[in-house]
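Subject: Structure handover

Hello,

Here is the structure I promised to pass on. My notes on it follow below.

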Amino acid sequence: TIKDLPDFSTRRIVGIDLTGSEKRASGWAILENNTALTKRILLDDELIKETIKYNPTVISIDSPLSIPFGRKSVFDDDPGRSTYGITRECERIMAKRGVKSYPCLIQSMQRLTERGILLAQRFRKLGYAVIESYPGAAQDILGIPRKGKSIEYLVKGLLAFGIKGFYDQPEISHDEIDAITSALVGYFYLADQYEALGNENENYLIIPELKKNEIAGYSEPVAIGLSGFLASGKTTSGEFLQKYGFAYGRFSIVIANLISGEGKEVNRFTLQEMGEYMNKHMGQRWLGNELLKLLPPKGNVVIDGLRFLEDHSFFKEKYKTNFYHIHLVADEDKRRERYEKKETNNTSFDEANKHVVESEVMELQKFADLTLSNNTSIDDLENKLKKIINQLCPSQLSSEANMVQKVKGK
């Protein structure tokens, strides 16, 4: 039952059982305090409006959210259809396990897949974490009858699992019940009791995992993301956390490598221009994946330079509840003073501050777990960061302190 999972009762999870057309209502559910509220919603704009009203931790969508790797289009006239087929790896895995599902690009699924991909992109660009779920598979794993057998038994199964609410009414639809199940998959996802089916190129389908995998002495890594306007203290904070054992990664490292590869000088102007180009043509998720390749697969990390809402959603999906977002703020005069002291800045403060790559920075603040003021000294900033480390991973702070003492002892 849900009581056997970690307590995420204070987190909101949205489940959407998407239809292939805005002409047919989709099932929508919000899971909060282990209680489900459901609706039927027609339009994508309405789905987005209703969902973001609750500021969910994760959005779980019952729809394919990707296509077979190599395909460019969901439709049969795609030149890659004969080479790459209509089925993703996650669907092949389910078929081998005897779980019934449809290939994402059979004709009857093409419009649904297209709609799901576009809807997920819109949510992510607004800063929200999104996962793909499949209620049928989840119901099989949890021992809950599928809706094809009986909606009555499906409702009883969800009630028995511990999902409260008024969804056991005669007028409830199959789509709403599947939306509740999708939200429940999101709960398993946050609890880190899930299996990801598929591969990195096609993204993953999330299903519940009932056997909790625990390794003695092992804890999930913490990822700290840093956002804020120019010269607010992001890099200083990141480098300080690096001294305390966090692997340090910065978006501009990836961008600088691209600029150097083109034989150009790396400076503020070229970094911002290349950043804008990559955002428009490759996307922030591509950039995020490239950054992760530069970081160790295990251990705590700090990510410097979140600038787009999609940066937040990307790392929230990767690290779930272990992603801690810090937004740094400082007075403009103080930021200007810091900026102008850096010799590498070949663009004026005002011009750099108003560049399009800085346009979503202010909006990122509403997604941050903490807003940190940095108007005074570096010592003051470091003391604040020490408190954060002590809160998130105290062992990291104590081990570093012991190391410092040993060095002094020499």
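Start with Ile61. Beyond its neighbours within four places in sequence, Ile61 is in contact with Ile16, Leu18, Leu119, Ala120, Phe123, Val130, Ile131, Glu132 and Ser133. Contact here means heavy atoms within 4.5 Å.

Before going on, note that this is a predicted model, in which local features need pLDDT of at least 70, side-chain atom pairs count only at pLDDT 80 or more, and totals for chains, interfaces and linings use all residues. Residues are numbered from 1 along each chain as its sequence is written, and side-chain values use heavy atoms, with hydrogens and water left out.

**Cores**

The largest nonpolar core has 41 residues. Ile61 is among those that touch the most other members, along with Ile16, Trp28, Ile59, Phe123, Ile303 and Phe315. Helix H4 (residues 107-125) gives the most to this core, with five residues. A second, separate core of 32 residues includes Leu5, Leu142, Val155 and Leu158.

Two terms are needed here. A nonpolar core is a set of buried Ala, Val, Leu, Ile, Met, Phe, Trp, Tyr and Cys residues joined through side-chain atoms within 4.5 Å. Buried means under 20% relative accessible area, exposed over 50%, and partly exposed in between (1.4 Å probe, protein chains only).

Helices (H or I, at least four residues) and strands (E, at least two) are DSSP runs, numbered from the N terminus. H4 has 19 residues and reaches 28 Å from its first C-alpha to its last. That is close to the 27 Å expected at 1.5 Å a residue. The expected span is 1.5 Å times one less than the number of residues. The buried residues of H4 include Leu112, Ile117, Leu119, Ala120 and Phe123, but also Arg115 and Arg124.

Leu126 lies in the loop between H4 and strand E5 (130-133). Its relative accessible area is 32%, so Leu126 is partly exposed. Setting aside neighbours within four places in sequence, Leu126 is in contact with Ile48, Leu309 and Phe367. Leu126 and Gln365 are 239 residues apart in sequence but 13 Å apart in space, C-alpha to C-alpha. Just after H4, Gly127 takes a positive phi of about 105°.

Helix H7 (residues 174-190) is largely enclosed by the rest of the structure, because 16 of its 17 residues are buried. Its end C-alpha atoms are 25 Å apart, which agrees with the 24 Å that 17 residues should span at 1.5 Å a residue.

Most residues other than glycine have a negative phi. Asp192 lies in the loop between H7 and strand E7 (194-199). At 32% relative accessible area, Asp192 is partly exposed. Asn203 also has a positive phi, about 65°, and is not a glycine. Asn203 sits in strand E8 (residues 203-208). Its relative accessible area is 31%, so Asn203 is partly exposed.

**The second largest pocket**

About 880 Å³ of space lies in the second largest pocket. On a 1 Å grid over the protein atoms alone, a pocket is an open set of points where a 1.4 Å probe fits, with protein on both sides within 12 Å along at least five of seven lines; lining residues have an atom within 4 Å of a point. Grid points are joined across faces, edges and corners, and a volume is the space filled by probe spheres set on the points.

The pocket is lined by 40 residues, of which Thr235, Arg250, Arg268, Arg307 and Lys342 lie nearest its centre. The largest share of the lining, five residues, comes from H10.

**Around H9 to H11**

The buried residues of H9 are Phe251, Ser252, Val254, Ile255, Ala256 and Ile259. They pack against strand E10 (247-250), H10, H11, E11 and helix H12 (309-319). Just after H9, Gly263 takes a positive phi of about 75°.

Met282 is in the loop between helix H10 (268-281) and helix H11 (284-293). Met282 counts as partly exposed, at 42% relative accessibility. Asn289 is in helix H11. Not counting residues up to four places away in sequence, Asn289 touches Glu200, Phe314 and Lys318.

Best wishes
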